Structure formats: structure tokens, C-alpha cells
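Me: Happy to look at this one with you. Shall we go through its aromatic rings together?

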Amino acid sequence: MKKMKHVIMFAAMVFIAAGCKKFLNVTPIEAQSGNNFWKTRDDVEKFTNGIYARLKDKVAGVPTFFRYTDKMFFPALEIRGNNVNLLGMDNTKGSTVVSALISNDMRTILNTTNSSVNFNSPNYPGILKDIMDWKVWYDIIASSNIMYFEIDKVPSSSISELDRKRYKAEAVFMRNLSYMFICKLFGDAVYYTEAYHSKPLGRTPQVEVMKKCIADMSAAKNDLPTVYSDGTLNGFRPTRASAVALLMHLNMWAAAWDTADKDQYYRAVEELAKELDTYSNYKILDVTPENTMKIFKGRSTENLFGVLQDVTYGEAFAQPAVFSYFFAHFPYQGIPTKSTSFMTYTSDYMRKTYPPGIPDARLATWFENYDSQNGTFQFKKFINLYTTGSGSAISVTSDDSAIIFRLPDCYLLTAEALAELGDDNGAKDFLNRVRKAAFAPEITLSAQDLKDEIYRERCRELIGEGQFFFDLVRTKRVANPEFTKTPISVSNLNSGAWTWPLIIDAAERGANPNLVGNNFWN
């Protein structure tokens, strides 16, 4: 039954992709078929599954035998500008473009071409350039808008009003999640919410987009369930807590760029945290190997939203979509001869992040040789595994899901917001919730020292999860060499050096002449 569900999801994904006529004018086959679709709850569920399949396609791809669909989304967000050393990739172009990513040299990535698809190693220039294309995010937005509109045509005899509202709220969640990523990657976005949109639009300033998304998600949040009766959906379909997490991120991103009243966003996060505390089915888990496996499988009490990977049911990612592909080696990644990791964090960064002599279960649980700065470094945060082959031909691959939002992330955003409001005691309460779960001593700092410690705690807790560069940019620490190996000058930061280049092809420009790229890179 699960495999059949996967087939349906894949079919829905193909329908959506096949129906994409041109930029911002996405018309899936299901929506066009009038008399044959939007008649039953099952029609709505199939269409919804197609939207989630597009998200998976964007951030995770498919297994290694489809090399041309490799993805590197979350690892790239973690590696860019980070304090890492490249020890060697499995091809020359891989080393070139990954080094450029670490150095924030996006032009080198843009200018590196693929001579051919290499079926023995990831197609690195291509998978990094894939992040520079926002089309799939707009496929998700367009499809979500269509679902929101068309679901009202489903007869009440076929769907309950409760389910109708829930599906509409899911559509709102998915379009706002997409706008969040678009703004975090590219800055200003083309914003619209109507179905079958075709009018060419220019890019809307990202703060305005965030404000629209906050209002949109806030209005729909309570139509989501607090928990699903079908436990397989929890963590992978949005709940009210998922919407709270998204709203926290939207508010904190807006606060980073709004030159007016930032406190309004921090106060909103404070109120969202109060709401989150009322949801008794969520709790933070102590850091142990067993809990680590539960969390990154995706259905623990910490998990708020993510993308499922479970090879048993045909839901597998491309290898480079998982961080451990780059930062782990056998027996946690690869074949027996893969005795070193491709990358390691610098010794200095690891000692600053996890200071020697200070107890922290994350250090012992998630790493081996954490400050070695050589290939013996082993990252053990993502240790749900599957194997193929046997004996000397065995190959080990991560079977962890991609976690987009989880509870410690929300606690630390709340701590950051409260610290900005001058509520140091409230900030320390949320910060120390995370530290308690890691069996680490409480933080007693205040003022700017507390703010810096909250940032470092995000680095500790969320390492490898794709939050690093967004946090670096959002807090403006990207300009401070204390926090990044490759600082961006204030003038370049203000000119857009933090964005990803936006690749706009001829078809997109023809469909929307109002489109402009990101001037710093394009």
C-alpha cells in the first residue's frame, strides 16, 4: 500500500511538471480536466501529494541511479561561508565549485560548466546551479494556489468542511514555505496568491513579501490540526505547530531587513512561543544516539515539518542531498575504502563551538575526532542508514529525512527574539531548554554576550541541518570574521552578496519581461 502511495505521488508530480507552460502560469492536468477531477477527497489528496513530491524533488532529488537529478540543497546552505576545510572531492570540478561555495565565490560556480554527466560522481556544478533556479518553488506556489481555489468545487458530499479547511491551510503553508525559501535565497520575490496567475509581475521587496506571508499564514493556521490521527503524517504534513515554526522564521527574517520597528516581529515570536508551549504532544528529547535516530527519521516529538526519506518504501534521496555524504565516511557513509571524509570543520571553529572541557552530549554523540581537521573527522548526527551489496562491495547510505523545522530551532529563535527585546531571563529560559537536553551547563550571560551565545547554540544544535548560512546572514554576523571563514564586507552585504545568483532563462524572460536577476551576481 505504501509503495502504491509512492507511485501516486510520483504520478502527481509528473502531472504538475508536465503542465507547466511558462513562468508563473502553472496549469496541472488535474486542474484542467474539469469533469474528471476535483470531485472527491481522494482527488484532493492526490493533488496534495503531488505538491509535496515537488518539494522533495527540489531539496532531495532521487537515488543515485538518476545522477542527473542529484540535489545538494541543505548541505550547500550549511557549507556556504562556513568554517570548513575541503580535503578532496571525487572529481576536479567538484573540488572547484565546492571551494567556491565555501568562499562565497558564486561567479565561479556560475561559470563552471558540465562537460558531461558523470555517472560515478555527483554532477556538482549542475546541482549547485539548481539552487539558483526558483522555478520549482513557483511550481509549488502555483499548484498550492490552484488547490486552494479548486477545492471549493469538491461537493460537500465528498469532503467534510473540516477537511476542506485543512487542505486549504496546507496549501497556504506550502506557498508560504516556498516564499520563505525564495526570499532567503534570492531576496525580493514575485508575489501572488491567485490561481492560474498569468500577469507578468516585477519583484516585490522581501520585507513586504514576509508581511504578506505572515498575515496569510496567521489567518489559516488554526485550520491545521494540532496532531494527525494517522501517525505517519506527523512531521511530514503541516500542523499548527508547523505553522508556528514557519511564522517564527518569517518574522525573524523580516526583522533582519525591516529598517522600521523590529520589535513588532520579536513580540510576534514571543506570542508564538507561548502558543507552542500549549501543544502538549511536542517536547524536546535528550541527546542520545537512540533519540538522534528518532529525530532525524522525522516522527519524534521534536519534529515539526520535514521531507520523508525511507528507502524501505521507495522514498530515497540523492546521496549529496544529505550532509553526511560530505562529512562522514565508512561505516556511516560510502564503501569500505572510503576511510576519510570529503570535508571537515576547522579545529578552531569546532573548539569555539563546542569548547573543550564543557560537558555537551552532542559532542560525544554526533562526532568522532571532532577537532582533528583531517579525514578522520566523523559526523554521526545522521546515522539512520541503509546498505546495498555485501562484503567488500557493501555501500552505506544515509536514510535520514530532511528536517526543515524542529522544536529546538523554535526555542532558540524565541531566545534570540527575547534577547533583542531586552528580556535576558526569558531568553535564557528558552536557551537553557536546549542545553538541558544536551546535558550542557546552563548559560548565565547577559546583553551582547548572551546574544552571541544564542547564536553559537544554534550552530551547535542545528549543525548540518542547512540553517548555518541563513542564520549568518540574518544576524549580519556574515560580516564578522569571528563567525565565518569568508566574511562579506558591509557594502557587499548591502549590495546583495549574501544572495544566490538567480538564473533566468530565455523562456522565463519572454513570459515575464519584468524579471530582473540579482545584480551583485548577475
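Reply: Let's start with a definition: a charge sits over a ring if NZ of Lys or CZ of Arg is within 6 Å of the ring centre and within 35 degrees of the ring normal. This is a predicted model, where local features need pLDDT of at least 70, side-chain atom pairs count only at pLDDT 80 or more, and totals for chains, interfaces and linings use all residues. Residues are numbered from 1 along each chain as its sequence is written, and side-chain values use heavy atoms, leaving out hydrogens and water.

Me: Which residue lies over the face of Trp 366?

Reply: The distance from the ring centre is 4.3 Å. The residue over the face of Trp 366 is Lys 381.

Me: Over which ring does the charged end of Arg 433 sit?

Reply: The charged end of Arg 433 is 4.8 Å from the centre of that ring. The ring belongs to Tyr 411.

Me: How many aromatic pairs does the structure hold?

Reply: Rings of Phe, Tyr and Trp (its six-membered ring) pair if their centres lie within 6.5 Å; planes under 30 degrees apart count as stacked, over 60 as edge-to-face and the rest as tilted. By that rule, the number of aromatic pairs is 35.

Me: Is the pair of Phe 323 and Phe 327 stacked or edge-to-face?

Reply: Both Phe 323 and Phe 327 are buried (under 20% relative accessible area, with a 1.4 Å probe and protein chains only). Their ring centres are 4.3 Å apart and the planes lie at 15°, so the pair is stacked.

Note on methods: Buried means under 20% relative accessible area, exposed over 50%, partly exposed in between (1.4 Å probe, protein chains only).
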